[in-house]
Amino acid sequence: MGGEKAPERVIIVLHRPIPEDVQAEIRHKFADAEVSFYNSELGVPVPPDHLSQHPILRESDIHVTTSSGIHGPPIAEWTVMNWLVSSRKYAETYEAQKAHQWQNKNGDVGGFHDQVGKRVGILGYGSIGRQIARVSQALGMTVHAYTASPRPTPESRHDHGYIVPGTGDPDGSIPASWHHGTDRESIRKFLAVGLDHLVISLPLTPQTTYLLSEEEITILSENSHHHASKPYVTNISRGKVIDQKALVDALHSGVLGGAALDVTDPEPLPEDDPLWDAPNVQISPHISSRGKEYIPRSLDILKVNLGRLAKGEPLINDYKRDKGY
């Protein structure tokens with residue numbers, strides 16, 4: 001009896017109750033461990049989402065890992081959904097359906113277009129950007145990647161974080177070109193390569209706050225790949241990465257062809273904010289990453305890291321305190 005090893009304990013703390021079917025899946029993942037579930041409704045304090053100023057990160061060397069890698073599939077689907085809603089003018093079709101109207105003007109292309117041959121620039125080529133790249137390539141698009149640090153060799157372009165099986169760009173082979181830098185001039189050079197789409201998937205840091213202002217948006221527009229149409233901006237990062245007034249002005253003036261925004265500045269977006277009424281904009285309330293797969297995939301990372309701890313191996317998705325993500 002004395003030689004028996006106590007089972008490992010896995011404690012899951014979330015800000016909301018965990019559905020029974022998800023709990024069952026988690027217990028199955030950790031069949032050899034004692035699993036406990038807690039949430040803030042039971043009086044267990046849950047730290048806020050943004051922890052950069054928390055003492056655990058600022059004053060300790062405790063290993064903290066992120067859920068990076070799990071968001072790619074739902075956010076890529078949200079991204080492409082919005083592109084297609086715009087390019088196939090789905091909103092008009094839906095409104096006609098609700099009005100019981102068969103609107104089919106024979107021979108009228110009606111501004112429809114597809115994505116074949118379009119050039120998409122992905123500003124922040126992490127796990128989310130890589131899955132967007134994968135889906136974009138499947139649509140016949142050309143991908144151009146931007147990272148903070150240089151990726152000059154094939155090995156440097158590999159994704160070493162957690163990857164949902166069958167997704168992403170693990171070896172970094174999808175982009176037709178790679179660009180890098182943390183200064184504004186490097187960003188501007190990237191925006192001038194000739195893009196139809198710009199996807200913003202950067203973390204919010206002091207360096208990326210209001211990274212895209214009026215001048216950057218103008219550069220993107222003036223150097224668009226197809227001069228007959230203006231670029232489309234997709235932001236699944238944080239609202240403060242873009243100067244929102246400049247974005248609204250660009251949509252009204254036609255400098256941009258449209259925008260899909262899952263994030264705004266501020267959130268929630270006030271009812272009287274002019275962004276709501278900007279032309280060709282699609283707004284959702286920061287929900288692009290949601291899905292029933294979220295929690296189980298997060299715990300897949302935990303399971304991998306428990307195995308690595310047992311073997312003395314480095315953890316995946318280890319939080320980099322010097323970078324803030």
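Visitor: In what order do the seven strands form the open sheet?
Guide: The order is β5-β4-β3-β6-β7-β8-β9, with parallel pairing. Strands pair if DSSP finds at least two bridges between them; helices (H or I, at least four residues) and strands (E, at least two) are DSSP runs, numbered from the N terminus. This is a predicted model: local features need pLDDT of at least 70, side-chain atom pairs count only at pLDDT 80 or more, and totals for chains, interfaces and linings use all residues. Residues are numbered from 1 along each chain as its sequence is written, and side-chain values use heavy atoms, with hydrogens and water left out.

Visitor: Which strands stand at the edges?
Guide: Those are β5 and β9; each has a single partner strand, so one side of each lacks a neighbour in the sheet.

Visitor: How many bridges join β4 and β5?
Guide: Four bridges, in the parallel sense. Within this pairing, Ala-145 stands opposite Trp-178 of β5.

Visitor: Which residue forms an aromatic pair with Trp-178?
Guide: Tyr-125 does, in an edge-to-face pair with 5.2 Å centre to centre and 80° between the planes. Rings of Phe, Tyr and Trp (its six-membered ring) pair if their centres lie within 6.5 Å; planes under 30 degrees apart count as stacked, over 60 as edge-to-face and the rest as tilted.

Visitor: Are Tyr-125 and Trp-178 buried or exposed?
Guide: Both are buried, meaning under 20% relative accessible area, with exposed being over 50% and partly exposed in between (1.4 Å probe, protein chains only).

Visitor: Why is the pair of Tyr-146 and Phe-190 called tilted?
Guide: Their ring planes are at 50°, with the centres 5.1 Å apart, so the pair is tilted. Tyr-146 lies in strand β4 (residues 142–147) and Phe-190 in helix α6 (residues 184–191), so the pair ties together parts that are 44 residues apart in sequence. Tyr-146 and Phe-190 are both buried.

Visitor: Changing topic, which residues lie nearest the centre of the second largest pocket?
Guide: They are Ser-86, Ser-87, Tyr-232, Gly-257 and Gln-282, out of 27 lining residues. On a 1 Å grid over the protein atoms alone, a pocket is an open set of points where a 1.4 Å probe fits, with protein on both sides within 12 Å along at least five of seven lines; lining residues have an atom within 4 Å of a point.

Visitor: Which element gives the most to that lining?
Guide: α3 does, with six residues.
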